[in-house]
Amino acid sequence: MSVHVVTGAGPIGTATARLLAASGERVRVVTRSGGGPEHPLVERVAADITDTDRLTELLRGARTLYNAAAPAYQDWRTAFPPLAASLLTAAERTGTDYVMLGNLYGYGPVEGPLTPGLPLRPTSGKGRVRTAMWEQALAAHEAGRVRVAEVRGSDYLGASALSLFTWTAVPAVLAGTEAVLPVGLDEAHAWSYVDDVARTLIAVGGQEDAREGGWGRAWHVPSTSELSIRALAGRLARAAGAPDPRLRRMTPGELAEQVAGDPVTAEIPEMAYLYDRALRVDASETEHVLGVRATALDLVLKELAEHGS
């Protein structure tokens, strides 16, 4: 039986490992701490992913590498490139299929739904980092050194998911207190459920050689919802039996104070365009070719209501 390697044991890495193991696949989860889900088919290994030689050892004989590891949000510009380079090099050395977990930052501001074939025109520092990582991997794929694909989701929803909504709005909605956010609240916005992201990763990694065009490209995660932040908060409140939510956007002064005092909040202003205009994602190819469809929003909200973020 072949083994799949999952790097990272956050919500996406954990869900990916759990779903693979539940289907009878052997999984090796690699993290600095040796964490990951407990399951008879899951082997948890403590290792530094940027140690390329060690990572290469862990990939020997593996069928697929799923990367769900990422540095702290405020460290992407400096810490993501060496991490990505190590993953790509180890996959090349071992001939392991490589499925990258990406996001939508590389597209930059776009009118209309985002499709996987759109050119990457990032306007943010973090978007440029993500774009460079994908372009380097794609170049290796096109040179025949590795088989690679990228799965791109939007903001995450689900128990333990970390996104601007789960970080700021969910606790306040469930507690019946005011939520103050640093972005717009009323534009349509795509949301990706954690298990749908994991199922998309697995579907991409499970493609056979005969399927043309499945590698060397990006795939989008089907969105569980495209409600605005305000509308989504209202649906969550009703699911949880909480009072009508109270949300407002930070004033410029409040935002400046937050940016000065919190390194994560300081990273948000350059990404505000994602919330200040409609963000819609076209995942029709994922649905029709890979057979992955979004989980119903009511089920996602029930999970959030019961477990929080």
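User: Is threonine 265 buried or exposed?
Analyst: Buried, with a relative accessible area of 3%. Buried means under 20% relative accessible area, exposed over 50%, partly exposed in between, with a 1.4 Å probe and protein chains only. This is a predicted model: local features need pLDDT of at least 70, side-chain atom pairs count only at pLDDT 80 or more, and totals for chains, interfaces and linings use all residues. Residues are numbered from 1 along each chain as its sequence is written, and side-chain values use heavy atoms, leaving out hydrogens and water.

User: What does threonine 265 touch?
Analyst: Trp167, Leu255, Gln258 and Val259, not counting residues up to four places away in sequence. Contact means heavy atoms within 4.5 Å.

User: New topic. How many aromatic pairs are there?
Analyst: The whole structure has 4. Rings of Phe, Tyr and Trp (its six-membered ring) pair if their centres lie within 6.5 Å; planes under 30 degrees apart are stacked, over 60 edge-to-face, the rest tilted. One of them joins tryptophan 76 and tyrosine 105, tilted, at 5.8 Å centre to centre with 40° between the planes.

User: Which residues do ring pairs link into a cluster?
Analyst: Tyr73, Trp76, Phe80 and Tyr105. Tryptophan 76 and tyrosine 105 are both buried.

User: Which arginine lies over the face of tryptophan 76?
Analyst: Arginine 130, at 4.7 Å from the ring centre. The criterion: NZ of Lys or CZ of Arg within 6 Å of the ring centre and within 35 degrees of the ring normal.

User: And what lies over the face of tryptophan 219?
Analyst: Arginine 217, at 3.7 Å from the ring centre.
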